[in-house]
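The sequence and the structure are shown first.

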Amino acid sequence: MQALPRDVRPLWLLTAWLLLNMLQAGLTPLDPDETYYWMYAGDLDWGYFDHPPAVALLVSLGRDWLPGALGLRFGHVLASTAAFAVVYELAGRPRGGDLWLLAGLLFAQPMLQVYGFIATPDGPLLLFTALYLLAYRNFLDRPTLGQGAVWGLTMAGLMYSKYHGAVIILFSVLPNLAFLLRRPGAWLAALGGAALFLPHLYWQYVHDYPSFRYHLSGRDDPYRFSFTVQYIANQLLIFSPLLLYHYWLTFRRDHARDAFERACRWLIAGFLLFFLYTTTKGRTEAQWTAALAIPLVYLTFRFVQRFPNWQSGLWRMCVATGLLLVVARLLLMAPRAWLPFEKPFDHAPWVAELSHRAGDMPVIFEDSYRLASLYEFYSGGKPAWTFTDVAYRPNQYDLWQRDTSFQGDSVLIAGQKNWNWFGTIPFKAQKSDLLLRPVADFQVARLTQLQPAEPLPAQLATTGSLDLELYAASPVAVDFETDWPIRLFAILMYPDGERLYWPLEPLAATGLPAGREVLLYSGQMHLPPNAPTGSAQIAFGLAYRGMPPLRGQIPSHSIELVVGK
């Protein structure tokens, strides 16, 4: 530690971090989710299907005045720099060797490196985690109404960044709950933060709570032990394996010296255990615990300040980790011609080829909001869209209705590789195998709402039948008998993810007028004899020729029932 410069100014380090990430942001290809959030930013709102609106707001800061990827990521680069500045304040404004050690710890965090320039909801979450912890500590030191009001603002910022913010708030306040319940400022923080979050909750109400439906029930998968193993392995990786020993020392040899340090420890432990539990519900993603990098850096920095004999060893591990991360960053920025392997996230070449094939036609992707947003971004704004069938998950495109502008137009359909129709042409979108086919008269069928005339029974038998009348209404006129015909299907959806669907024929109408409900099917409905028994949901959906039926086409999304023999 003695060999390090002792008179470096914090502003110089922050400026270096800002410039590094600006360069990286402009030269690194975009992840598909980033272009999805770029689409968010083109339609600012209080909420989106997958996330609260902070990510869209940050993307919008550079979207329309800076070129390409740099414009998309500009707001997140600023947010990352601001987060480092807040951590510097949280750590007590260290100088000299302590400042270098704090900078090394921050630079050695893989998640802080990644979200220094990548545009995802984790960028604003990291910033507001740092702001929240600073405001929380200030409140614990001086529990006034003014400090409570500031703390409440940061609570709202967490929730507008990512729903994980609720978990951060919960586990950080638990160890000090008795103290907080007796402080009016804490009540002001909680009620004020909740009030500021009301516009998003109203947005959820207006749109029938799509985010909550998806995150609370739409992501359940049958449990696999590999989910838990993968989660644990991810944690060992994303917080830097070279630093794990010093993290262990921090929790083993040091002890919480005040209420704030106790809160940070509870936050780290509770957050990790909470997402360990979620592995029983399905696969977790590595970045879900990225916000823990902030309290982990803070506690580790405090530990080595109290035990100086560990500083040199920690510094060496930070430098080694940082160098490895720099190499990875350089590879991401390197031109594709320099690399002996396929450049990650290199989507521009396939978009250019598909754009050439499409010409002036919009491109409509089956089951891929990522490819649709990538195409629109890298093609310079040429129109693209996606529709979602039962083989894929819902997304923000299902809430937007801008695809009505394509009604009746000639479009290029980019179907998945199992699209069963004649005349399709194979196409490779980096790692995605697609089938292409032009359609002369595209019909927007996904907006059609289907509703049984009578409630369905709570139990259906595979050996019996049911008299069914199904009515349909669409905001746009839909023709079922164009050059790409449309059929009607019944769909059974089981808790383990199995989907079973079969056609309902003949239809009572050859199309739908705009804005008027018509009888679409009247007749018998038989369950397939191979339908598994047990709890299930039944729905109905229109389907384009050779593809599974579209999802979410009845107002209640699906109807609960039991399948029996």
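This is a predicted model: local features need pLDDT of at least 70, side-chain atom pairs count only at pLDDT 80 or more; totals for chains, interfaces and linings use all residues.

## A partly exposed aspartate and its partner

The side chain of Asp433 forms a salt bridge with that of Lys428, at 3.0 Å from N to O. Lys428 is likewise partly exposed, with a relative accessible area of 45%.

## The five-stranded sheet

Five strands form an open sheet in the order S2-S1-S3-S5-S4, and their pairing is mixed. The edges are taken by strand S2 (384–387) and strand S4 (425–429); each has a single partner strand, so one side of each has no neighbour in the sheet. From one strand to the next, the twist averages 30 degrees.

Within this sheet, strand S1 (residues 363–366) and strand S3 (residues 411–416) run parallel and are joined by three bridges. Ile364 is placed opposite Ile413 in S3.

## Helices on the sheet

Helix H20 (residues 369–378) packs on the sheet, where it touches S1, S2, S4 and S5. The direction of H20 makes about 175 degrees with that of S2.

Helix H19 (residues 348–358) lies across S1, S3, S4 and strand S5 (432–439). Its angle to S4 is about 145 degrees.

Side chains of opposite charge can pair when their charged atoms come close. In helix H19, Arg357 and Glu353 lie four residues apart, about one turn of the helix. Their side chains meet in a salt bridge of 3.0 Å, N to O.

Arg357 counts as partly exposed, at 40% relative accessibility. Glu353 also falls in the partly exposed class, at 37%.

## A salt bridge between distant parts of the chain

The whole structure contains 14 salt bridges. One of them joins the side chains of Arg487 and Glu505, at 2.8 Å from N to O. This pair links distant parts of the chain, 18 residues apart: Arg487 belongs to strand S10 (residues 486–493), whereas Glu505 is in the loop between strand S11 (499–503) and strand S12 (511–512).

Arg487 is partly exposed, with 29% relative accessibility. Glu505, at 48%, is partly exposed as well.

Note on methods
Residues are numbered from 1 along each chain as its sequence is written. Side-chain values use heavy atoms; hydrogens and water are left out. Two strands pair if DSSP finds at least two bridges between them. Helices (H or I, at least four residues) and strands (E, at least two) are DSSP runs, numbered from the N terminus. Axes are lines fitted to C-alpha atoms, for helices over the stretch in contact, and angles run from 0 to 180 degrees between N-to-C directions. Contact means heavy atoms within 4.5 Å. A salt bridge is a side-chain nitrogen of Lys or Arg within 4 Å of a carboxyl oxygen of Asp or Glu. Buried means under 20% relative accessible area, exposed over 50%, partly exposed in between (1.4 Å probe, protein chains only).
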